[in-house]
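Work through the exercises below with the sequence and the 3D view open. Try each task before you read its solution.

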Amino acid sequence: MAIDPSMPILVVDDYKTMVRIIRNLLKQLGFSEVDDAADGTEALQKLKDRKYGLIISDWNMEPMTGYELLREVRGDESLNRTPFIMVTAESKTENVIAAKKAGVNNYIVKPFNAATLKNKIDAVFGE
Amino acid sequence: MARTNQKPHLCAKGAQSPCRNRTGREPSLANFMQLAERMADAMEGQQAQFDRKVCSELRDISADITEMRREIERLRACELSDRHLPEASEDLGATLEATSTATNSIMECVETILQADRENSDEFAVLVIDQVVQILEACTFHDITGQRVTRLTETLRDVEDRLGQFATAVGTRAEAQPRSAEFMAREERRARLLLNGPQSAGKAISQNAADDIMSAAEVEAASQDDIDSLFD
């Protein structure tokens, strides 16, 4: 699957600085359509309103976590093929295993760098 | 009890009275009075014994309270609530504010560089150096926040020590204290949704280890039931 740099990407994080960092990194990687949501609930609403090519989500958010968002996305026929990358400070093995079992496409441990983000996006799209 | 000369009607006429004495005669008021006085004497003795036990218990309780007061004084709770904890709260607030301000300053500089016109390399170089200097200036927050966090850590250690000594002195058991429903609900959510938070160095999984798990075939074989069980 080739990466379309114009595909809309949804960044989900309750920490505005992190949204800003990921948005800037994505722009540097050539992605121009970056949208954001502050938690899983807001993300789900945005996912219903618009078709996104990639979801990049934090895990620990209120009221709906990234883990719950992942389960909701994978349980919804209209969304379950959307690539999902978890970018999180949840750095226990059980978290990675649980995310994988729930159908995450890739997992990035914070803190991370631009190269890691690029590698994981490339891996998700098979490049 | 008020004494009276009137003979009371104790039992119904002709009925087998449970009030009759051993001789089969109805007891007189004098008999009742004697009985009442004997009972009062007996109870007085028991009352005195009971009073001695109560006094002994009260003395023990008083001694415990005195000891408890002494331990509370050693805890210096007023010092904590008047000075250390407000200072810690202030340090935390100031640290958050300083990191937030510095982060915003750095982000603005970075975005200015990223969005700058690169056609004229000389102008671009001047702009980059100017922004980098501003980034360096913003990083000076670390010295002050570092000192504040150090003070916070010391306060927390102090509180931990004092509470530990207090708990040992008064013989409390942690498991004896019931947790609030709010606390239990929060803990249940944390456990159910694997909200472990950032791990300290050495405990946190590396990106390479996360990659290994992501590429491990056996994890992929999990059924929907396995996933659901994580939420049960």
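Helices (H or I, at least four residues) and strands (E, at least two) are DSSP runs, numbered from the N terminus. The model is predicted, so local features need pLDDT of at least 70 and side-chain atom pairs pLDDT 80 or more, while totals for chains, interfaces and linings use all residues. Residues are numbered from 1 along each chain as its sequence is written, chains are lettered from A and ligands numbered from 1 in the order in which they are written, and side-chain values use heavy atoms, leaving out hydrogens and water.

**Exercise 1.** Find the strand order of the sheet in chain A and name the strands at its edges.

*Solution.* 
Step 1. Two strands pair if DSSP finds at least two bridges between them.
Step 2. From one strand to the next, the twist averages 20 degrees.
Step 3. For one pair in detail, take E1 (residues 9-12) and E3 (residues 54-57) of chain A, which run parallel and are joined by four bridges. Ile9(A) stands opposite Leu54(A) in E3(A).

**Exercise 2.** State which strands of chain A helix H5 (residues 114-124) of chain A touches, and what its buried residues pack against.

*Solution.* 
Step 1. Contact means heavy atoms within 4.5 Å. Axes are lines fitted to C-alpha atoms, for helices over the stretch in contact, and angles run from 0 to 180 degrees between N-to-C directions.
Step 2. Helix H2 (residues 40-49) of chain A lies across E1, E2 and E3 of chain A, at about 135 degrees to E2(A). H5(A) packs on the sheet and touches E3, E4 (84-88) and E5 of chain A, with a direction at about 175 degrees to that of E5(A).
Step 3. Buried means under 20% relative accessible area, exposed over 50%, and partly exposed in between (1.4 Å probe, protein chains only). The buried residues of H5(A) include Leu117(A), Ile121(A) and Val124(A).
Step 4. The buried residues of H5(A) pack against helix H1 (16-28), E3, E4 and E5 of chain A, together with helix H6 (207-215) of chain B.
Step 5. Just after H5(A), Gly126(A) takes a positive phi of about 70 degrees.

**Exercise 3.** Is Thr82(A) buried or exposed?

*Solution.* 
Step 1. Locate Thr82(A) in the loop between H3 and E4 of chain A.
Step 2. Thr82(A) has a relative accessible area of 8%, so this residue is buried.
Step 3. Leaving out residues up to four places away in sequence, Thr82(A) touches Tyr52(A), Gly53(A), Leu54(A), Ile55(A), Arg74(A) and Asn105(A).

**Exercise 4.** Describe how helices H2 (residues 77-115) and H3 (residues 121-138) of chain B pack.

*Solution.* 
Step 1. Chain B has eight helices and zero strands.
Step 2. The axes of H2(B) and H3(B) are 9 Å apart, at an angle of about 170 degrees.
Step 3. This makes H2(B) roughly antiparallel to H3(B). (Angles under 35 degrees count as roughly parallel, over 145 as roughly antiparallel, 65 to 115 as roughly perpendicular and the rest as oblique.)
Step 4. Among the residues in this contact are Ile106(B) and Val110(B) of H2(B) and Phe124(B) and Leu127(B) of H3(B).
Step 5. By class, the contact of H2(B) with H3(B) has 10 nonpolar, four polar and no charged residues. (Ala, Val, Leu, Ile, Met, Phe, Trp, Tyr, Cys and Pro count as nonpolar, Asp, Glu, Lys and Arg as charged, and the others, Gly among them, as polar.)
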